[in-house]
Amino acid sequence: MPANRVEVLHGVNLDTLGSRDPDKYGNFTLPELEVKIGRFARELGLTTQFFHSNHEGEFVEHLHRLAEVADAAIVNAGAWTHYSWAVRDALEFSGVPAVEVHISDVSAREDWRKTSVFDGLVIGRVFGKKEEGYREALQLIARELGVDAP
Ligand code: DQA
């Protein structure tokens, strides 16, 4: 089996895309974003699976099983990014290479958004590029996994 399975993990509040501040988060809904990510991935020779939860424990339990279903991950953990050491520990436990993505520019917002529990753990961080950030993350993953575009 080729190592090209990417799990795209959406954390707390990401299901409000589409009605959340469009200047920061764009006009797309989460299902619309997933269609775009799926298209970006196919262009790169990657396959995608998606998971969303607003419940930290459920998110953590999903990370515990991540290595069984994915070769790499994209993680947008929403606000958990800035304080949940439990989510960081669970991603580390998975051993799955991951890229951290944020739709908004977290570097230009409140100070508390500038810290990430994933620092030093992820293979890359992409923020402030709306849906295009996911394309960039997938490119990093294709390079990491040694997958060539079809
Ligand atoms: C976010 C940025 C976080 O600071 C925020 O809490 C979110 C979304 C983003 O995608 O820009 O919920 O992760």
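A polar contact here is a pair of N or O atoms within 3.5 Å. Keep that cut-off in mind as you click around, and remember that you have a predicted model on screen.

**Stop 1: the ligand and Asn 76.** Select the ligand and Asn 76 together. A polar atom in the Asn 76 side chain sits 2.8 Å from an oxygen atom of the ligand, so this pair falls inside the 3.5 Å limit.

Stop 2: Which other residues are around the ligand? Besides Asn 76, His 82 and Ile 103, select Arg 20, Tyr 25, Gly 78, Ala 79, His 102, Ser 104, Val 106 and Arg 113.

**Stop 3: back to Asn 76.** Colour by secondary structure and you'll find Asn 76 in strand β3, which covers residues 72-76. Is Asn 76 buried or exposed? It has 3% relative accessibility, so it counts as buried, the cut-off for that being under 20%. Its side chain also reaches the backbone nitrogen of Gly 78, at 3.1 Å. For the surroundings, leave out neighbours within four places in sequence and select the residues that Asn 76 contacts: Leu 9, His 10, Gly 11, Leu 14, Val 101, His 102, Ile 103 and Tyr 134.

**Stop 4: the largest pocket.** The largest pocket holds about 160 Å³ of space. It is lined by 15 residues, and the closest to its centre are Arg 20, Tyr 25, Gly 78, Ala 79 and Arg 113. Colour the lining by class and you get six nonpolar, six polar and three charged residues.

Stop 5: Most residues other than glycine have a negative phi. Go to Asn 13, in the loop between β1 (5-10) and α1 (22-25): its phi is positive, near 75°. With 35% relative accessibility, Asn 13 counts as partly exposed.

Then jump to Lys 130, in the loop between β5 (124-127) and α6 (132-145). Lys 130 is not a glycine either, yet its phi is positive, at about 50°. Its relative accessibility is 26%, so Lys 130 counts as partly exposed.

Methods
Residues numbered from 1 in each chain as written. Predicted model: local features only at pLDDT ≥ 70, side-chain atom pairs only at ≥ 80, totals over all residues. Heavy atoms only, no water. Helix = DSSP H or I, 4+ residues; strand = E, 2+ residues; numbered from the N terminus. Buried < 20%, exposed > 50% of the residue type's maximum accessible area, 1.4 Å probe, protein only. 1 Å grid on protein atoms, 1.4 Å probe; cavity = no way out; pocket = protein on both sides within 12 Å on 5 of 7 lines; lining within 4 Å. Points joined across faces, edges and corners; volume = space filled by probe spheres on them. Nonpolar A, V, L, I, M, F, W, Y, C, P; charged D, E, K, R; others polar. Polar contact = N/O pair within 3.5 Å; in protein donor to acceptor, adjacent residues only side chain to side chain. Contact = heavy atoms within 4.5 Å. Near = heavy atom within 4 Å.
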